[in-house]
Amino acid sequence: MKKDILTSSRTGDSCIHIKHKSGLDIYICEMKGFSSIEAMFGTKYGSVNTMFKTAADKDYTTVPEGIAHFLEHKLFENEDCGVFELYARTGASGNAFTSFDKTCYLFSCSKNYEENLKILLDFVQKPYFTKENVDKEMGIIGQEIKMTNDNPEWRVFFNMLRGMYHAHPVKIDIAGTVESISHIDADLLYKCYDTFYNLNNMVLSIAGNISADKVLEICDSCLRPCADKGLETVFPDEPAEIVQAEIREKQPVGASIFNLGCKCTAKSGYERLKDMTAASIATSLLSDPALPMCERLLKEEVINSTFGGEVFYGDNYFTVIFSGESDEPEKIREALFAETDRLINEGINEKDFQRIKKSSYGMMVCELNNVEAVANLMLNAHIDGVKPYDAIEVLSEMTSNDVIDFMRREMRRDRCVLSIIEKEA
Amino acid sequence: MIYKRSELGDNIGFTTIIDDKFKSSSLAVYFLTELSEETAAVNNLGITILTFSSRQYRTYASLCEKLSELYGAGLGSIARKKGDAQILGLKASWLDNKYAIDGEDICGEMRKLIHGCLFEPNVNGNAFDAESFNIVKKDLIDRIDGELNQKRSYAISKAAKTAFRGEPAECTGYGSREAALSATSENALKAYRELMKTAQIEIYYVSPREDNSFAEMFTESFGSIERAPKKVSIRNHSPLKPEPEHVSEEFDVNQCKMVLAFKTESDDKYALKMLSIIYGEMPFSKLFLNVREKLSLCYYCVSTSVSAKGTFFVDSGIERENIDKARNEIMAQLEEIKKGNITDEEIESSLMALDNAVLQIGDTASSYISWFFDCFSDGKLITPEEHFNEFKAVTKERIVQAANSLKLDTVYLMLDKEVQE
């Protein structure tokens with residue numbers, strides 16, 4: 001069992017990484033002075049993993065859209081009782097979520113963490129799927145899908161992804177559709193479970209008022225060693241070009257909203273972290289209310305304070321997104337194109353660059369104030385193939401030329417998609 | 001943790017919480033005033049504009065520039081309601097000086113900046129600066145228009161509007177569209193001055209180190225303001241309607257929403273909270289286990305107790321064809337509790353959940369601030385442990401009594417258009 005202490009030279013924070021004999025990667029952060037504990041048990045299995053095989057399989061298996069999310073729901077049912085019932089006895093708040101590239105099971109508590117950790121490790125390793133319990137879940141997930149379809153932020157985002165990606169499954173809804181989930185059955189769930197819920201493909205992240213030794217003792221007794229099955233996930237070939245530059249939809253909303261996304265080259269691991277940091281600074285600069293472009297758009301009432309930017313990435317996809325409420329998103333697109341060109345041609349004002357860097361650094365340090373954020377940080381870094389404090393290091397080494405280089409390379413007008421949800425007449 | 005509270009002036013409370021585990025400091029300045037349709041929007045504008053510019057930082061751009069120089073320090077406004085009161089204010093957070101790469105005094109700079117925003121606003125004559133005002137006014141109107149974007153919270157808000165008709169709590173904490181449209185920078189400035197004079201003010205400062213500089217700054221600055229505070233009544237039970245009122249609206253949506261509002265005359269807020277947990281706040285609650293898990297009717301079906309108004313909401317997202325079935329089950333589960341069908345496990349699980357939640361108070365600066373502000377609003381400062389002991393003392397009989405005090409008052413339905421017959 002290999003044990004490393006990972007430390008941030010910038011803040012002095014540290015955590016422990018263990019490659020457990022069972023195959024599981026474990027991250028532990030003891031946080032002095034905090035009462036709560038946040039634990040996350042995750043697998044690198046999300047909505048984009050629709051095609052896969054193991055070393056033992058001859059062919060690739062293709063599964064219905066939304067199955068990773070369906071599996072997440074069903075894992076909450078044991079043969080004897082529901083998992084919520086177990087947490088109810090300890091007082092923990094248990095939950096789970098499925099995203100594009102991961103499924104996580106978590107609990108938050110301030111007492112009985114040893115018992116809660118045992119519950120978490122046990123139920124995730126003990127699937128129980130039957131025709132009856134799968135059928136029962138159809139109605140519940142069907143309502144979840146309908147609820148998200150009425151969420152304009154969700155719609156505008158997925159419309160943008162559909163305008164951007166020809167084949168990559170990132171464009172499909174995480175929960176699938178009412179039709180796609182109707183093809184899910186217990187056998188398929190077991191197939192996905194056996195493939196992705198292998199400890200070699202999973203990670204445990206736990207932070208807060210804990211003892212690392214106690215956590216490891218529980219892991220030793222609860223984790224069932226897994227043989228690495230040689231999992232392979234594949235993604236369809238995705239051209240660099242977008243599908244369509246503009247998508248509009250009318251919805252019953254009070255305020256029209258937009259997403260303007262730019263399709264970028266997808267990398268992995270440390271190289272992706274560098275691109276992500278450069279992209280993050282670029283979006284901060286382009287959505288900075290302190291700079292003239294946003295100041296002008298605010299004065300002209302084209303944007304309001306909801307305007308902002310973010311970087312969205314995962315396996316084989318990477319996108320820079322600007323979003324907000326506006327009745328004139330085309331004007332925002334033109335302004336962003338012009339400002340990107342200006343920055344590429346004239347360079348970034350060094351004072352602005354340093355200010356944005358400081359601001360990003362401040363927010364990263366503040367994250368370390370929070371038990372939940374620390375557990376998330378450790379888990380996400382692992383899934384992204386980097387170490388938890390790498391982001392602060394990469395940020396500190398970033399130069400304005402790195403950002404310009406990213407913008408020149410990736411932020412191309414012909415790779416942008418404008419998605420708009422408009423008010424109904 | 002070190003807790004200190006002092007009175008800096010007439011109805012101006014200042015609470016300091018020192019906790020060395022934090023890497024940042026947080027400040028919240030609350031103004032409590034009466035909630036009313038006439039003043040809610042203009043009050044909101046008069047306070048929110050303070051976070052957009054000041055005499056020193058004349059534009060929103062220059063203020064944002066300064067905040068990002070200070071390692072991404074946050075400055076925002078608060079506008080919400082609590083019972084029949086409007087809660088307005090400023091909130092700020094910043095990195096502790098210890099983490100400043102170039103040795104800057106972030107805390108000292110933030111103190112000056114906050115002082116400027118609060119006491120030296122960007123005023124031209126008898127009005128706020130027009131440019132800042134226009135940005136803030138547009139933001140507010142957009143926020144009000146955007147209510148419909150979030151279907152679930154829109155449905156709850158409409159149910160509350162119907163349930164509390166004729167009472168201050170009928171209004172939102174940020175004001176109506178009409179009032180926002182007619183607001184001017186002159187009357188926003190008047191509202192700001194009136195709030196500085198008459199609002200009850202509560203200030204919370206959470207810091208990793210002992211620091212009196214904020215208390216001194218506020219004492220001096222409020223000292224030069226003439227104060228005539230008006231008491232605000234937060235807790236007023238909403239009267240029950242003679243007959244339940246039904247309201248429905250139709251939209252082009254995929255999922256219908258149903259909100260039921262119940263009223264109670266009970267003052268037993270601890271029993272009402274226990275009731276809410278057993279009934280519908282948690283995954284072990286009766287609504288989750290029956291409406292969702294047993295009948296597969298919904299993804300969520302949740303109860304919320306608004307003790308300041310003696311009101312209880314249940315909300316769910318469902319198919320139109322299942323509305324009656326869901327409603328019948330929601331009522332049937334309440335009947336079960338009224339009949340005393342509560343297990344010892346349900347009571348024990350509720351206490352465990354509360355115990356865990358109470359113990360987590362203090363793990364974030366915002367949880368400290370919420371805790372002490374709630375104590376202030378309830379007029380009683382108790383420790384989280386004492387709070388939990390109040391729950392432990394709640395008997396099954398008190399929960400049953402609380403359940404029996406609930407009477408249906410309002411039913412709000414958001415209906416889809418396409419399946420309408």
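In what order do the 7 strands of the open sheet in chain A lie? I read off β1-β2-β3-β9-β4-β8-β7, with mixed pairing; two strands pair if DSSP finds at least two bridges between them. Helices (H or I, at least four residues) and strands (E, at least two) are DSSP runs, numbered from the N terminus.

A note on what I am reading: this is a predicted model, where local features need pLDDT of at least 70, side-chain atom pairs count only at pLDDT 80 or more, and totals for chains, interfaces and linings use all residues. Residues are numbered from 1 along each chain as its sequence is written, and chains are lettered from A and ligands numbered from 1 in the order in which they are written.

Then I followed one pair: β4 (37–43) and β9 (202–208) of chain A run antiparallel, joined by 7 bridges. Ile37(A) has Gly208(A) as its bridge partner in β9(A).

I moved on to chain B. Is helix α1 (40–48) of chain B mostly covered or open? I found it mostly covered, with 9 of its 9 residues buried (20 or more other C-beta atoms within 10 Å of a residue's own, C-beta atoms being placed from the backbone). Among them are Val42(B) and Leu45(B).

Last, I looked at where the chains meet. The contact (C-beta atoms, placed from the backbone, within 7 Å) takes 49 residues from chain B and 55 from chain A.

Methods
Two residues are in contact if their C-beta atoms, placed from the backbone, lie within 7 Å. A residue is buried if 20 or more other C-beta atoms lie within 10 Å of its own, exposed if 12 or fewer, and partly exposed in between; C-beta atoms are placed from the backbone.
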